[in-house]
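Please consult the sequence and structure shown here.

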Amino acid sequence: MTDAEAHGQLAGLAHQFEDLEQQQEADALGIWLFLVTEIMFFGGLFAAYAIYRWLYFSAFQGGSHILDIRLGAANTIVLLASSLTMALSVRSAQTGNRRATVTFLIATMILGGTFLGIKGVEYNQKFVEHVVPSLDWAPEGQSLARLAPGGLDHAQIYFFFYFAMTGLHALHMIIGMALLLWLVLRARKGDFTPHYFAPVEVVGLYWHFVDIVWIFLFPLLYLIGGRY
Amino acid sequence: MQSLPFQPEQASSIARSVDELYFFLTAVTLFFTALIFSIIFYFMIKYRRRSPDERPKAIQGSFPLEVLWTAIPTLIVAVIFVWGSTLYFRNSEAPKGAMEIFVTGKQWMWKVEHPEGQREINELHVPLGRPVKLTMTSEDVIHDFFVPAFRVKKDVLPGRYTSLWFQATKVGTFHLFCAQYCGAFHAGMIGSIVVQEPNEYESWLAGGAPGESIEQAGAKVFQASGCPTCHLADGTGLGPSLLGVYGQPVKLTTGETVTADDAYMRESLLLPKAKIVFGYSPIMPSFQGQMTEEQLNDVVAYLRVLGKAQPKPKEEGKK
Amino acid sequence: MSTATLEPRVHAQRNYLNDDYGWKSWLFTRDHKRIALLYLVSITFFFMIGGSFAVLMRIHLVEPQGALVQPETYNKLFTLHGIVMIFFFLIPSIPAVLGNFLVPLMVGARDLAFPRLNLLSWYIYIVGGLFTLYSAIAGGVDTGWTFYTPYSSTYSNTQVTAVAIGVFITGFSSILTGLNFIVTIHKMRAPGLTWFRMPLFLWAMYATSIIMVLGTPVLAITIFLLALEHLFHVGIFSPALGGDPLLFQHLFWFYSHPAVYIMILPAMGVVSEIIACFARKRIFGYRIVAFSSVAIAVLGFLVWGHHMFVTGQSVYAGLIFSLLSFLVAIPSAIKVFNWTATLYKGSISYDAPMLYAMGFIGLFTMGGLTGLFLASLATDVHLNGTYFIVAHFHYIMVGGAVMGYLGGIHFWWPKISGRKYPNGWAALAAAIIFIGFNLTFFPQFVLGYLGMPRRYAFYPAEFQVLNVMSSAGATVLGVGYLIPLVYLIWSMRYGPIAESNPWGATGLEWKTSSPPPTENFAEIPVVTEEAYAYAAEEAAGD
Amino acid sequence: MSQPIVPQKTYVLVFLCLIGLTILTTAVAFKDLGPFNTVAALAIAFAKMLLVILFFMGVRHSSGLIRIILVAGFFWLALLIAFTMSDYRTRSWTPAPDSWSSTAPPTHP
């Protein structure tokens, strides 16, 4: 396999590609196609959400008003900040600054962890308020007063969407954190150069996508119908 | 039935028109299948390979031909679309004055309730020549009310009313099938539609008369559930008057307007807070789980009767 | 000629089959050709499982009261038949076997863009398959392959969760395959291979991949919601808790209708290759056939509501979906006309692959035309949910997709295995399958029109004659499917050695040896001509 | 890939815009705009998404193919939602059941 041997001298070039440019283009196309499948994956959930929100608007509004808007907004900012550090990390890899790459990757992980921590606090509140569909569903007091007008069954559907959408999002965050950890380890070994940093870029795109999902989840779940 | 039937009986007013479209489609299918088959056979024989190194001339294609065989199918499907949709659309609504019968599906039987109060299981007696409208719901999973001889079919959904209508044109007994898979004995969820001459139907009705019409049953449930406490006839109660409401537009607190049809009545019983009439408070309790599907049907039937009545003059300013 | 004496010498030539030995060299391979063979073996296994369910069903239906099993068991049989055949045989059939083998060869590349993802997709498929097999062994599942709620989510107490997980997981295998193909076709075409020089099989795989990438995730999330509802009773599809069962149908058919095109488009691609080769002609109206594949893929996404004309969907939505369903019929019709026109003034030989392709055209034409009955609202009301539907989609998916798959296997078998099979037996099998198929499924059109609903474990006696006819036909069909299995396996050892281009076909896959070497081409080829340059003047310059 | 190196300042500016939009969307939620609350929330989310896609994800510098793919993804999602919604929105248009009996007198509003 003289061909492959010749290729082997180029770091990171897989045997099926002719040159690094072809490989980079293929990688970019691949990750973007993957993100499109993610759009459709979350999209099914968003479509179902759109239907029920339209059918049971007052229940969704009631449910939305139980959520803590401050925590939601804070989390939005945390996640946006993590996107910034992620973008800076890709930039550092691009310029060949290994230390900055690692630092920004770790910063991204810390911000991601903060997001998940706040999410955990919110989830815990839902158990305290007994508004977890199926597992702990017995709204009382003020929650009950807010949810009752839209019908408790329909409010339960709202909270199902709340947990399904944020849960699926959190799962993506956890996968993203694992990928970041892998990047940190590789970056410290010095695997990435200004010519080869595709993994950082690919994980970066994934991380930004997860951020975009949250950009929509925040208004869709927390800001229904206004809080005036 | 005889040895090998190739057509189900035509026993309803629409059966013939559906069959006409069916036969047209069959003709189209046969024509094009025969056309393609014969051209292929002809070409395969005429242009069979005669020597191993035969190299036929290349043909790139022909734009006029492409246009032709795009246009022809387009025209044909346009005709079929218009034909099929018109037929369907025209028949999607029951004619005025149709006889109303409630049907409830449950695993694995059909329960039928006539306006006069007769109940049947897995059988439906109807008079010849009179439009019959079925208002259907299910107690559990999705079923489907299918009468091949009438060419009608509609899913029967839990938590919702669907309806279909037919006008029988032939006296006899016809198959009723469940056509949406519904569990272990789906195949056993069958029954028969008995079409009788109107006078026979009358005597059948008289024969098994339970002494209580569906509205009377509904009125009883209505009273027993305490509905009249709030829904006062003059509109001064905590709830809106129900007189003269059925089939009319109702304004909601959200500013929307809905038609007070069966679906709305049903929803108001089960999810009273979903659509509140303008000017009233969401205080009505839900009757979900309190009433059986049949009792719900009875009440809806009674509400239709109330709906026919003239509303009492309403004083303005009711909160 | 004695092959035995030739064998050592021929096998001395290095190819992807003898490059390495041992189970590890297969289970950890990243060679697209070996992965294709892994898929070939797995889907054949699932085809036989799904087929045996079908055999049991047809035996059972010989008698009106049911000849073989309890109704509950019958329900599990048709459910598992559907799930196994659709998700584990038809959807991966041509893409994952022939597509995996041929896409890199046809574009003139050494492998797919992401070989590791390709292997991963096979493992994902196997894990999904194991869940499904587990559910079959652990009591089966009885929801129908359509999983309609609330029956599946609330009422069925069979192995719904296990099979939902199985289908969910397998979906990702399909996504990865589609993603791989799109990237490969976009970025790895050999020098000179422009879009309009690509073989139509590549166009078909491209269109199919679009559906896989855009549609499958929606199925995944839908099945995920179904499993959640089944486990936790949250009410998303359950009317008792305020959910709407029709929403499940919308989301399900958003994928599952286009899924039909995942099955049929690749078969159309195969048929285009075969007809061009055995008529020695360029495909008539090449560009239009290519575009029609993409048109079918796109329009196919907008017609799902025709599965819901009688399920309580709005009348108006029904009108829109009916119109769009008719529109998607047009590109299919165009393809059939163009294939037929390709034969005109050709040089047609009757080798086995060609017979399968002709069988495909005939059966697909009937299947497609009977689809008009179901796109038309008024007739659909009568025929929906009856055996007419069963007959229609078997004409498309078995008459169409399976015929195309078998045609493709026969066409490329010399390339895949390096051996030839007995043409006479192959032709006989094609004829038996064609006849057996029609005997099995044609009576079902009549049954449906007469009003016999599908999924009935027992039925009124008046339908018996046609059911017996159908079951008798199924016997013929079953025999027809077994014959290729025998002679293809036989040929792997005893078949005559195949030269690199036994059919005299064009296309890059025929320019390398049979079987191809692991790296596909000694040197990446350069393409200088259109696809299907069979004509005299073009061949001369070859 | 192999995109031009974007100055850090750009990323920070985009981030500040995103924060601003987050504050804006939260503030708007406390004003009664009727149905326009939803419109505003979605429009702001859409703007934020564009910022992230164009700058952080670098689609500004991406090939046309990737843009097409991205647009196709959102377009398909829109199709899914629009066609599904078309059923729900028109279900109540279904010719409402007539008054149930032939003897029903015409009612006057």
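Two strands pair if DSSP finds at least two bridges between them; helices (H or I, at least four residues) and strands (E, at least two) are DSSP runs, numbered from the N terminus. This is a predicted model, in which local features need pLDDT of at least 70, side-chain atom pairs count only at pLDDT 80 or more, and totals for chains, interfaces and linings use all residues. Residues are numbered from 1 along each chain as its sequence is written, and chains are lettered from A and ligands numbered from 1 in the order in which they are written.

Q: Which are the edge strands of the open sheet of chain B?
A: The sheet is open and has 5 strands with mixed pairing, in the order β4-β10-β9-β6-β7 of chain B. An edge strand here pairs on one side only, and this holds for β4 (123-127) and β7 (152-156) of chain B.

Q: Which residue of β10(B) is the bridge partner of Val126(B)?
A: Strands β4(B) and β10 (residues 191-196) of chain B run parallel and are joined by 5 bridges. In β10(B), the bridge partner of Val126(B) is Val195(B).
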